[in-house]
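Study the sequence and the structure, then work through each solution in order.

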Amino acid sequence: MDIDVLRVSGKNEWKRLDQLTRAPSLTGEEIDELDLLYRYATTDLARVRTKSPDPDLIADLSRLLSAARGRLAGTSGLTGAIIARFFVVALPLAMYRIRWVIVGVMALFMALCVIQGHYLLTTPDAMSALGSPEALRAYAQDMFVDYYHQDTHAQFGLSVWANNSWICLQAVATGITGFYPLVLLWNNAVSLGTSAAVVIQYGGVWHFFRFILPHGLPELTAVFISMAAGLRVFWVFLVPGDATRFQAVGRAARGAMTAAFGAAILLAGSGFLEGFVTPSDLPDSVKIVLGVILTGAAWAYILILGRMAERAGGSDDVGTDAGYYQPVAG
């Protein structure tokens with residue numbers, strides 16, 4: 001099939017389909033015409049994909065058909081139903097499908113933290129290499145606490161959210177390398193393990209955990225979600241399954257971005273806790289309970305709604321009609 005011939009022969013029909021799709025109102029005859037042209041364009045798209053794949057034409061026809069389908073179905077743009085489906089199906093399902101990867105990343109992160117902290121606490125030379133006892137004591141007893149009282153509560157919470165969101169974005173965006181998310185995991189685990197060792201040595205165990213746990217539980221959970229989502233893209237690249245590698249990676253990448261959106265929401269909650277709750281005068285037990293509740297709610301959302309969506313045959317792919325298809329030669 002000559003793609004140029006199809007472009008010429010279908011130009012008027014596609015243009016008319018676009019006009020009818022954009023029209024503010026349609027008569028009965030125009031609705032019938034819209035339906036007929038939609039069917040013709042669907043056939044054209046199928047012919048292009050199988051006989052003479054052209055990525056640009058596939059994308060154009062996919063967008064046109066998506067808009068026309070919305071008009072025929074009586075929907076247009078971002079509706080309440082679409083938003084509800086995203087939060088009830090796509091988002092929890094995207095995170096549910098990587099739940100074991102999240103757990104694996106969490107276990108590796110905590111193991112590295114414990115190893116680093118134990119090494120510093122049991123190796124005086126390594127601890128002294130970090131600074132003098134006076135400097136480390138000042139960090140543990142003053143700087144570690146003052147960190148949570150800088151700026152206003154809102155400014156501090158927003159800056160924390162931005163910093164952690166950047167880490168999550170890097171984990172997702174570089175996931176296909178399979179390497180950089182692990183570098184991020186290593187750096188953050190070693191950093192937290194080092195801080196824990198210094199604060200525990202010069203301030204006590206409770207002094208460390210009463211400042212870390214309220215916001216740290218949901219914050220680290222969000223980071224683990226992003227790292228797991230990025231690593232899943234790398235795994236799918238290696239093992240695409242029944243789909244082509246292009247299609248499999250595309251779906252995994254869109255699912256990873258969906259999961260990253262959920263992580264960003266969770267980070268907003270942890271940022272609020274870090275900005276307003278951690279430095280507050282609330283009892284430590286109340287602060288920690290709030291962090292546990294937020295983290296537990298996130299996991300309940302993933303496991304309960306995600307499982308329901310999985311059993312119902314839902315999809316976490318929000319890009320089905322985006323026009324990104326692997327050309328297949330016929």
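**Exercise 1: Val-205**

Val-205 is partly exposed, because its relative accessible area is 48% and this class lies between buried, under 20%, and exposed, over 50% (1.4 Å probe, protein chains only). The model is predicted: local features need pLDDT of at least 70, side-chain atom pairs count only at pLDDT 80 or more, and totals for chains, interfaces and linings use all residues. Residues are numbered from 1 along each chain as its sequence is written, and side-chain values use heavy atoms, with hydrogens and water left out.

Task: State in which helix Val-205 lies and how far it is from Ile-293 in sequence and in space.

Solution. 
1. Val-205 is placed in helix H10; helices are DSSP runs (H or I, at least four residues), numbered from the N terminus.
2. Between Val-205 and Ile-293 the separation is 88 residues in sequence and 22 Å in space, C-alpha to C-alpha.

**Exercise 2: The largest cavity**

Task: Give the volume of the largest cavity and describe its lining.

Solution. 
1. On a 1 Å grid over the protein atoms alone, a cavity is a set of points where a 1.4 Å probe fits but cannot get out; a pocket is an open set with protein on both sides within 12 Å along at least five of seven lines, and lining residues have an atom within 4 Å of a point.
2. One cavity of 30 Å³ or more is present, and the largest cavity holds about 40 Å³ of space.
3. Its lining includes Ala-94, Ile-98, Arg-232 and Asp-316.
4. Helix H10 (205-238) and helix H11 (245-277) each give two or more residues to this lining, and H11 supplies the largest share, four residues.
5. By class, the lining of the largest cavity has six nonpolar, one polar and two charged residues.

**Exercise 3: The largest pocket**

Task: Give the volume of the largest pocket and name the residues closest to its centre.

Solution. 
1. The largest pocket contains about 620 Å³ of space.
2. Of its 24 lining residues, Tyr-147, Ser-191, Leu-192, Ile-212 and Glu-219 are the closest to the centre.
3. Two or more lining residues come from each of helix H7 (133-146), helix H8 (153-173), helix H9 (180-203) and H10.
4. The lining of the largest pocket divides into 13 nonpolar, nine polar and two charged residues.

Technical notes
Points joined across faces, edges and corners; volume = space filled by probe spheres on them. Nonpolar A, V, L, I, M, F, W, Y, C, P; charged D, E, K, R; others polar.
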